[in-house]
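Have a look at the fold before reading on.

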Amino acid sequence: MKFNVFRKSQNESASGSPESQNTDTKAQTHVTLLPGVARAELLRHAWSKKTLIIAYAALFFVAFVIQFCGVASRAYTPYATSSFRQHSMLTTATVVYKIVCVVSLPWVARIVDCFSRVTGFFIALVFLIATYVMFAASKNVGMYLASQIFLGIGIPSYVMMERVFIADTTQILNRGLWTALPTAVASIPTLYVASIVAEKMLEHSTWRWGYGMWAIIIPVSLAPLILIMWKLDRRAKRYGVTHNIKSTLNLPEGSWYKNVAHLLYVELDIVGDLLMLTGLSLFFLPFTLTGSASILRWNEATTIVLLVIGFLVLVLFVLWVLSKIPKRPFLSVSILKRPSVLMACTLPLFDAINTSLSGAYFPSVLQVSGHFTVGEAARIPRAANVCQMVGAVLVGLLIKYTKTAKVFMVSGVCLIVLTQGFFCYLANNNGGFGSELHWTVIKVFEGFGRGFYNIPTIISVQANSDPSQIAPSIAMFTMFNQMGAVIGNSISASVWNELVIRRLTQYLPEASKSRAREIFGNIRVAIGYAEGTPEREAIDRAYREVLQKQGYISLGFLIPALILVFFIKGFDPTQRTSVNVDDDGEVVLTSAPGKDGEAQLNTIAANLSSSPSNSDISEQQESSEITSQEKKSELNESEAK
């Protein structure tokens with residue numbers, strides 16, 4: 001049985017009757033839904049209030065754990081890389097993580113559309129456990145970078161599934177608020193608690209235990225949410241089977257390896273995925289490994305070959321996606337054919353370049369040039385994240401009650417540009433460095449600006465995309481954001497590796513010039529010099545000047561974003577998507593503005609959601625009822641004959 005998406009044409013009256021919507025086939029666009037999308041749509045309006053409250057409570061708890069883990073883990077990174085005598089590998093680790101994020105997001109989105117939403121949460125759980133086990137066991141920088149690959153699948157998968165879950169259970173008007181709430185509620189306490197825990201862990205234990213404990217905490221925290229989603233997914237699957245609704249993939253007949261090959265090549269487009277991964281890795285990683293004190297040089301044949309081959313593979317990937325060879329390209333390029341969606345996705349690209357370029361080594365510079373402790377250096381950048389969440393909740397409420405969003409996008413981007421200008425000023429103010437208060441205030445306003453533009457932008461992408469492409473649209477938006485981080489970190493590493501060692505060699509006293517590379521490679525050596533000594537003043541000056549240069553480059557990337565935001569088309573926050581069943585028993589997605597978007601046909605909620613009195617009905621009882629109904633229908637048919 002085919003699933004359809006019925007969308008009104010622009011010429012159709014918004015006040016059309018249910019009958020006219022049901023019979024006017026010319027005003028309907030038919031879109032075949034993948035099984036995972038179909039099950040999600042079956043459950044969209046079928047959640048009982050009790051189950052929804054429990055699911056959201058579990059979601060909020062997991063968000064707290066993930067935020068806590070993220071803040072604490074970032075504090076260990078400089079010490080982990082320094083223990084391998086590779087502190088400058090910070091951005092290499094970040095770029096590896098971001099590249100895997102970019103590639104894994106659309107792939108995981110396709111998997112959850114092909115199978116089920118619970119599959120995405122399970123993928124996140126498995127890779128997060130593997131990540132922190134590998135972090136704790138890392139004996140060299142190679143194993144540490146390999147851990148970033150698993151992290152690049154686990155964290156983005158969870159974040160995307162959190163947003164997909166919220167999109168599946170809310171309407172556009174409330175989606176901005178609920179998208180921001182879980183992370184916002186979790187961010188405020190973790191700003192202080194997680195950084196303190198990380199600092200105490202480094203004092204009384206090691207960074208290895210700091211990573212390893214999360215391999216136990218995360219699965220225990222995520223298990224209740226996965227259990228709820230699994231139970232509801234089974235309910236949707238049973239409903240699809242008993243009502244003759246297609247809920248599995250059309251795999252070819254034959255042996256199991258033919259089915260696996262079809263799944264990987266056709267449904268998941270493994271060829272396109274590998275081309276993208278190879279191209280991004282070969283092209284961007286050399287930027288993080290090249291410089292005056294790095295293993296590669298710009299004029300070496302190895303660097304040139306890597307860049308050229310990487311570029312050619314990326315071109316081949318673009319040609320592959322645009323060709324008709326892949327039946328289902330893992331990258332949903334059709335989403336970007338709408339100008340508003342393309343511009344809305346490009347906006348976080350430039351912002352992520354700005355954030356990553358000026359922020360990659362910012363905590364290290366705070367500790368070295370600002371003389372801040374580990375906890376203080378973690379809390380200052382974290383202030384931007386917390387205020388971003390608070391601003392996101394605030395803008396979610398404003399969208400809900402003002403029913404407008406464009407003005408918040410523009411004001412948010414303008415605020416980010418303004419704060420980046422102050423960032424450049426404080427980084428090296430006539431030989432001085434900003435105080436903790438100065439940096440915190442800057443980060444607070446930067447966070448509010450990012451929260452004000454981010455939520456309306458991501459909701460704009462969802463609202464202007466096809467309602468059946470929730471997961472791909474969220475993956476596309478997040479992918480652009482991560483792609484910006486890849487570009488920003490690559491440029492940041494290139495500038496850092498090239499200039500810091502030059503400045504250290506230039507400013508250090510003659511007796512200490514031989515230790516320039518050691519200082520460059522280990523943050524503990526850099527902060528080990530006493531304040532006021534000629535060596536420490538030289539180190540402080542070198543770090544300040546490079547940070548300021550990175551800030552100026554970041555500011556340049558914000559100019560296109562400032563221009564672009566004025567051309568992004570707004571969206572109707574009152575738009576609603578309703579799940580219905582038409583006269584033929586087919587699942588229907590009705591998308592319409594305002595009250596006309598309310599369910600106008602017989603929804604499946606009554607069939608899927610259960611009241612408290614019958615919520616515990618077993619599968620055996622349900623199966624027996626279905627069997628008795630089938631026998632009665634067969635008896636009636638025989639009597640009629």
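## A polar pair and its surroundings

The side chains of Thr169 and Tyr56 are joined by a polar contact of 2.7 Å. A polar contact here is a pair of N or O atoms within 3.5 Å; within protein, one must be able to donate a hydrogen and the other to accept it, and residues adjacent in sequence count only if both atoms are side-chain atoms. Before going further: this is a predicted model, where local features need pLDDT of at least 70, side-chain atom pairs count only at pLDDT 80 or more, and totals for chains, interfaces and linings use all residues. Residues are numbered from 1 along each chain as its sequence is written, and side-chain values use heavy atoms, with hydrogens and water left out.

Thr169 sits in helix α6 (residues 141-169). Helices (H or I, at least four residues) and strands (E, at least two) are DSSP runs, numbered from the N terminus. Skip the neighbours within four places in sequence, and Thr169 is in contact (heavy atoms within 4.5 Å) with Trp47, Leu52 and Tyr56. Is Thr169 buried or exposed? Its relative accessibility is 17%, so Thr169 counts as buried; the cut-offs are under 20% relative accessible area for buried, over 50% for exposed and partly exposed in between (1.4 Å probe, protein chains only).

## The chain as a whole

The protein chain has 23 helices and three strands. Of its 641 residues, 56% count as buried. Take the contacts between residues at least 6 apart in sequence: 80% of them join residues at least 24 apart.

Helix α2 (residues 35-43) is mostly covered, with nine of its nine residues buried. Among them are Arg39 and Glu41, along with Pro35 and Gly36.

Tyr97 is another buried residue, with a relative accessible area of 13%, and is found in helix α4 (residues 90-114). Its C-alpha atom is 8.4 Å from that of Ile153, which is 56 residues away along the chain. Beyond its neighbours within four places in sequence, Tyr97 is in contact with Gln148, Leu151, Gly152, Ile155 and Pro156.

Axes are lines fitted to C-alpha atoms, for helices over the stretch in contact, and angles run from 0 to 180 degrees between N-to-C directions. A crossing is left-handed if the near helix is turned anticlockwise from the far one by less than a right angle, and right-handed if clockwise.

| Pair | Axis distance | Angle | Crossing |
|---|---|---|---|
| α7 (residues 172-204) and α17 (residues 436-463) | within 10 Å | roughly 135 degrees | right-handed |
| α13 (residues 339-359) and α17 | within 9 Å | roughly 145 degrees | left-handed |
| α17 and α18 (residues 470-507) | 9 Å | about 140 degrees | right-handed |

Start with α7 and α17, whose axes cross at roughly 135 degrees. That angle makes α7 oblique to α17: angles under 35 degrees count as roughly parallel, over 145 as roughly antiparallel, 65 to 115 as roughly perpendicular and the rest as oblique. On the α7 side the contact uses Ile172, Arg175, Gly176, Thr179 and Ala180, and on the α17 side Ile455, Ile459, Gln462 and Ala463. By class, these are five nonpolar, three polar and one charged. For the classes, Ala, Val, Leu, Ile, Met, Phe, Trp, Tyr, Cys and Pro count as nonpolar, Asp, Glu, Lys and Arg as charged, and the others, Gly among them, as polar.

For α13, the residues Val341, Ala344, Cys345, Leu347, Pro348, Asp351, Asn354 and Thr355 meet Arg450, Tyr453, Thr457, Ser460 and Val461 of α17. The contact of α13 with α17 has seven nonpolar, four polar and two charged residues.

Then there is α18, where Ile470, Ser473, Ile474 and Phe477 meet Asn454, Thr457, Ile458, Val461 and Gln462 of α17. This contact of α17 with α18 has five nonpolar, four polar and no charged residues. The two helices are oblique to each other.

## Two loop residues with positive phi

His371 has a positive phi of about 60 degrees although it is not a glycine. This residue lies in the loop between α14 (362-368) and α15 (374-402), and His371 is partly exposed at 31% relative accessible area.

Lys403, also not a glycine, has a positive phi near 55 degrees. Lys403 belongs to the loop between α15 and α16 (406-427) and is partly exposed, with a relative accessible area of 46%.
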